[in-house]
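Subject: Structure for you to look at

Hello,

I am passing on a structure that you have not worked with before. Please open it first, then read the notes below it.

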Amino acid sequence: MEILIYIFAILSVLFAINMLIQKKMINVALSLLGCMVSIAVLFIYLYATFVGMLQLIVYAGSVMVLFLIIITLLDPFGKIKYTFTSRLWTFFVSIIGLIFGLLLYVIYGSEKKVEAINSSHFSIKALSDRLFTIYLLPFEVISILILVGIIGSIYFGKKNLTDGDEDENNA
Amino acid sequence: MKITPDFFIYLSMVLFSIGLIGVLVRRNLIVIFMFIELMLNAVNLSFIAYSYKLGQVDGQIYVFFVMVLAAVEVAVGLGLIMLIYRNKKSLDVDEINIMKN
Amino acid sequence: MKTLLIFIPILPLIGFLLNGIFGRSFPKKLVHRIAITTTGISFLLAVITFFKFLSLDVESLVFNYFTWIKAGDFVANFGFLLDPLSMVMVLVVTGVGFLIHVYSIGYMWNDIGYNRFFAYLNLFMFSMLILVLANNYLLLFVGWEGVGLCSYLLIGFYFHKKSASDAGKKAFIVNRIGDFGFVVGLMLIFFTFRTIDFEKVFSEIVNRGYGVEAGWGVLTVIGVLLFIGATGKSAQIPLYVWLPDAMEGPTPVSALIHAATMVTAGVYMITRSNAIYSRAPHALFIVGLIGSITALFAATIGIFQRDIKRVLAYSTVSQLGYMFTALGVLAFSAGIFHLMTHAFFKALLFLGSGSVILALHHEQDMQNMGGLKKYLPITCWTMWAATLAISGIPIFAGFFSKDEILWRSYSTPVKGHMIFYILGTVAALITALYMFRLMFLTFHGKTRLPEDKLSHVHESPKSMTGVLVVLAILSTIGGFVGMPGWTKIPNIFENFLEPVFKFMPHKGIVHAVEGHSAGNELLVTLVSILVAGIGALIAYIIYLKKEVTPEKEENLGLIYKLIFNKYYVDEIYNFLVVQPIKWFSTNVLWKIVDVSIIDGIVNGYAYLTEGLSVGVSKIQNGFIRSYVGWIALGGIGILYYILINFIK
Amino acid sequence: MSTKSLIYVSFLPEIILGAFALLIMCVDPFLKKREKVFSTIISIFAIVVAFISNLLFLSRDASLITFNGMIYFDFYSNLLRGLFLLIGFLVSLFAFKYIEREDLFPGEFSSLLLFALIGMDLMAISANLIMTFIGLEILSMSTYILAGFKRKNLKSNESALKYFILGGVSSAILLYGISFLYGFTGTLSYRGIANVLSKGSGFIGSPLLFLGMGMILVGFGFKIALAPFHVWTPDVYEGAPTVVSGFMSVGPKAAGYAALLRIVFQIFPFTLPLWRELFVYSAILTMLIGNLGAIIQKNVKRLLGYSSIAHAGYMLLGIIAADVMGMSGIIFYLFAYLFMNLGAFGVISIFEGKGEKFVTIDDYRGIGFKYPQLTFPLSIFLLSLAGIPLTAGFVGKFVLFGAALMENHMGLVLIAILASLISVYYYLKVIVYMFMKSPIIEGEEIEVRYSGVALFSVLVCAFFVLYLGLFPSYLLNLSKEAVVFLGI
């Protein structure tokens, strides 16, 4: 079981790195998909079953589909440019090193103790209890965010680019 | 023997750093957006790991909100990319550089 | 009285608003009627206030109109302080301001920016009145910035001339440096005393028992910082460079702002802060030293300028130097006295030169003048009154005030007072020299104007000459309010100002003069008269007898030519004294120190900021990825900073 | 008032805004082209109603937490909400004519503006970090779209894209920071975190906490354009539609400060020394970069973009001082900045003409006395931004600098004064161009068309700039009352 998790963890990193070096958009998108699925498995392992499922449905399902649609609409197989020069590489590797070293230090220094885990804390019931009591307001309010997103994507994506012409039902 | 939550936090760090670097090095707009998604995913992993460590379900709820954000970001962002592609016929972020200095 | 007082500044503001907003559609007559009525009434109110104030027989009155800023334990009121000092300033500002408004009708009549000009002038009056009436440093700063702003606007008034807008820019940059000092000084006052009200700050100084500081205490630092502000506004070394260039503005502006009122703001401010300066000998020494050096330095540059207004500009710098010399020897009332007489005669000189310039159709080079006495008689004689006054010839106003300053710097036992005295006396000689030179070159001798131009020369309109006459009368009799001690006639002016200095630690020093004998004082007076006479004589010989013209001055062959002349003594004198001074004045002081070094520094600041600006905007290269990089680097920087400093 | 009704009262203005935004979205598609103005009118109406409801239900002396610990109902919320609504009101007024002139869609614009206002409100009133974050995202998302509102315009596209990508990255960093904070304290409510922090004595050295704090600072630093997270500002302001740039320069900045104040003083009062040190460096950088960068700018919008960076730096001085005077100074300055900067952008949006053609300083040559009704207010705004006395900007700066000085930050105040003296140069340059330069080709000044509404709102701004400059006491008192609730 644990071995499997380690494998998925390593897989997610490998997919992420693959994203960095793939030349075709479609391949990058597929790597992201792989990465997300691996992460979803990790979620489920960490008792976040519901969220893991959401990850699969929302991310792997709809978000990735969106990406794929756009890629196919635009230029699916065209190769894309890099700007990997050796100077840039050293710069980014050092950034990675800096962030990583820092975080490593921080987490290493933090408390190691893990609370006694009771899987019933993480049941769907417990989750929905909190979501619809304490987090009711954010839950409601985030719908505004979705609304904004809808307006935005429609507004930007509208085919008709002659702003303000007589097309009346284009809200 | 369960794996310690810290392992997942290290993992989230790795993913987050890769995400940031991706935004820095890739020139394709869509790919850049994918890396932003990757960063948000890393954040989610960190939330879940902490929620596991603390034995609380709250972290999972936060992830829920982050996912909504991610979806909205993709929706609007891709709309914007489409728009730019139509106006400019290019997805190269370095060519989008009219305003400077 | 409270309401009366507020109307003194408000009226010019109303004039500004009317002329500024609707001026374009007003006929010219209405424009100047508005401007003149508002300033005229404001002057009348000032006179009424003055008599009321005299009849009340109080030391000072504070009127708080409303609480301006109140934050934390900080309170600043919008209030006026009426005491002898502000009374004098208000009278001078409104009086001279009114006269110059009247004069401007004639002078600016043919200018397209007629309404603009009067609007700015009124705005200037408003700011200046706020400056002198304020009862706290913050409100004073309001006026301070206001006059600066109007000054830039008016210097650049003829904006189609490149030199004009450059001059405005230079004035701006220089004053920024001065303002920096002033604002920091203000902040330091606030920080130290937790208040910025004049009376509260000064009584706090007295209550806390600040004595005379031996070293660099807080009062000394405040004093120096405020003085930096004063050097900017009052054109002292090293921040004087903007004033000569400011002559690009219309002549009435030069008279009002750059001679009579605004440039005296620094003098006023330091006099107002006498409680601070009298306890800070080091600051005082700096004030006096800079003042006296400026007095000599600017006078020397003034000798060989060809532009009539530039001579007057350097002369203004020099006279302001005198005022600071007076402050430097604790002779505050003498400084203010000179400020007042200077306002009369310098305004007169500028307006007179304006009259000449107008008559000659904007000719400012003295090479093309001469012999104008016949054509411009009123201008000529009124300007003579001013010249005699500035040179310190007895019975004219400037004589009394300048003599007072020299006597005080001779007799007051503060650090360096003899240096100030010697510098001041030498400057007095040069003052007489360049002023007489200006008069001879302009009005006397043979005319160097071509015939066809000469026929067009005629005296200015009545509104202008009338003003000249009024100012000439003031320049002649204005000095009698401050008679020197040896005459045994009470010095009305000094007695009037007395209450202003009640916070000084040692009343004694102001009257230290009494320790010296009247004979000494008479001697100093005689020396200054003698010196002025010598200056005038030299000018007479060179410019009237020998008919040296500015062009000949330029000509190096002059020396050889003169050697064959019969006045050997004169020639040797010329060779040994005049030529070296001339060389020093033009080549060293003007061309190197003034134009290269100080200008260079000022321009250097401008280049430096522009360079930095270019550097900053380089970061903004437009590439999104590089922006992400900056954010990432910034974030990492913050995290590492925290890591290093805060995590044990 | 019962607790239940209190819950809704505390959230009423947001509910009103949301309801009207939905109404606009429903009504707008059925409007004909020339009736589209109606949407803008609805949005103005909504803002006014929300403002009134905010006024009616003030909480002047009690600080309550409603909605299961999600929302603060106190005077600070009320005052800041009032500020945001004022911003929304003025922006809508400016947008009135602008949208018509640029042929944009009023329906989308108004509803996005209302949503953005909701987001700003949430940032100021929220009592829980996740709530704050949602507010921030609603605001950001609406602003991204508004920045790219001129869809055919490449500059506007670029502006939106830059803002979007950088905003996405910075909010990911912010979220990551929040997750660390959550991991450290096990809660995200302000009070909860503060409780944990006040109990544990060993927290001071804890890296995790500081990591979280640092990352949160990055997120908010981005929103309020603090150096070194300011890089987006000039580009985005230049490209966005002028009215939107005006909104961006005051709205998100005010909201960011509102949230930052709460976070710094309600969550982390114990770690103030750390914040302060970071803020001091950031303030110095911000003020210098903002002012130096502006000097050589030719484009007025870009110039104001740089200047807005500098102003964010000045306001930081209030946080550094961390006393009542400094805090109330920030809130006062936000109000002052609202009027002067929005006013300036408003006048620019009028002058630029259709298609934003006239936005360089050279275009402003010689228009001074031709349109005094616009150039005089613009001069007032610029003078106020420069901190010339008798304007709101001066009072604000004075209070902020004074507060920092009282807390012994002498060097910082010196730099601040120096920076603001530099700034006078470029603000005055615009005035000089207007009043003291003649057009390059004689008679080539820009022709200006403006509506009464726009002129009215310009004059309102100018009036308040002067009013707050002369009589700032009332607002300063209100701000003082408000910041007391932050528990300083």
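A residue is called buried when its relative accessible area is under 20%, and exposed when that value is over 50%. Please also keep in mind that this is a predicted model.

With that cut-off in hand, start with Ala344(D). This residue sits in helix α13 of chain D, which covers residues 324–351. Its relative accessibility is 1%, so Ala344(D) counts as buried. Apart from neighbours within four places in sequence, the residues in contact with Ala344(D) are Leu304(D), Leu378(D) and Phe381(D). Thr375(D) is 31 residues away from Ala344(D) in sequence, and their C-alpha atoms are 9.9 Å apart.

Asn97(B) is a second residue to look up. In chain B, Asn97(B) belongs to the segment after α3 (58–88). Asn97(B) has a relative accessibility of 13% and therefore counts as buried. Setting aside neighbours within four places in sequence, Asn97(B) is in contact with Asn621(C), Gly622(C) and Phe623(C) of chain C, and with Glu158(D) of chain D.

Next, the interfaces of chain B.

With chain A: 73 residues of chain B are in contact with 80 residues of chain A. About 7100 Å² is buried between these two chains, and carbon and sulfur atoms give 79% of that area. On the chain B side, Arg26(B), Met34(B) and Met67(B) lose the most area to chain A, and together they make up 9% of what that side buries. How many salt bridges does the rule find across the interface of chain B and chain A? The count there is 1 salt bridge. Asp58(B) forms a salt bridge with Arg130(A), with 2.7 Å between the closest N and O atoms.

With chain D: here 41 residues of chain B are in contact with 39 residues of chain D. The two chains bury about 3400 Å² between them, with 77% of it on carbon and sulfur atoms. Tyr50(B), Tyr62(B) and Met99(B) are the chain B residues that lose the most area to chain D, together 20% of what that side buries. Across the interface of chain B and chain D, the rule finds 0 salt bridges.

Last, the spaces in the model.

The largest pocket holds about 1200 Å³ of space. Its lining has 44 residues, and those nearest the centre are Leu13(C), Phe16(C), Leu17(C), Ile380(D) and Leu466(D). Two or more lining residues come from each of α1 (2–22), β1 (61–71), β2 (74–82), α4 (114–133) and α5 (137–155) in chain C, and from each of α14 (372–386), α16 (410–436) and α17 (452–470) in chain D. Sorted by class, the lining of this pocket has 38 nonpolar residues, 6 polar residues and no charged residues.

As for cavities, the rule counts 10 of 30 Å³ or more. The largest cavity has a volume of about 220 Å³. It is lined by 18 residues, with Phe141(C), Val183(C), Gly387(D), Phe394(D) and Ser420(D) nearest its centre. The elements giving two or more residues to that lining are α5 and α6 (162–193) of chain C, and α15 (392–406) and α16 of chain D. What classes do the lining residues of the largest cavity divide into? There are 13 nonpolar, 2 polar and 3 charged residues.

Regards

Technical notes: Residues are numbered from 1 along each chain as its sequence is written. Chains are lettered from A and ligands numbered from 1 in the order in which they are written. This is a predicted model: local features need pLDDT of at least 70, side-chain atom pairs count only at pLDDT 80 or more; totals for chains, interfaces and linings use all residues. Side-chain values use heavy atoms; hydrogens and water are left out. Helices (H or I, at least four residues) and strands (E, at least two) are DSSP runs, numbered from the N terminus. Buried means under 20% relative accessible area, exposed over 50%, partly exposed in between (1.4 Å probe, protein chains only). Contact means heavy atoms within 4.5 Å. On a 1 Å grid over the protein atoms alone, a cavity is a set of points where a 1.4 Å probe fits but cannot get out, and a pocket is an open set with protein on both sides within 12 Å along at least five of seven lines; lining residues have an atom within 4 Å of a point. Grid points are joined across faces, edges and corners, and a volume is the space filled by probe spheres set on the points. Ala, Val, Leu, Ile, Met, Phe, Trp, Tyr, Cys and Pro count as nonpolar, Asp, Glu, Lys and Arg as charged, and the others, Gly among them, as polar. Buried area is the accessible area (1.4 Å probe) that two parts lose on being put together, summed over both. A salt bridge is a side-chain nitrogen of Lys or Arg within 4 Å of a carboxyl oxygen of Asp or Glu.
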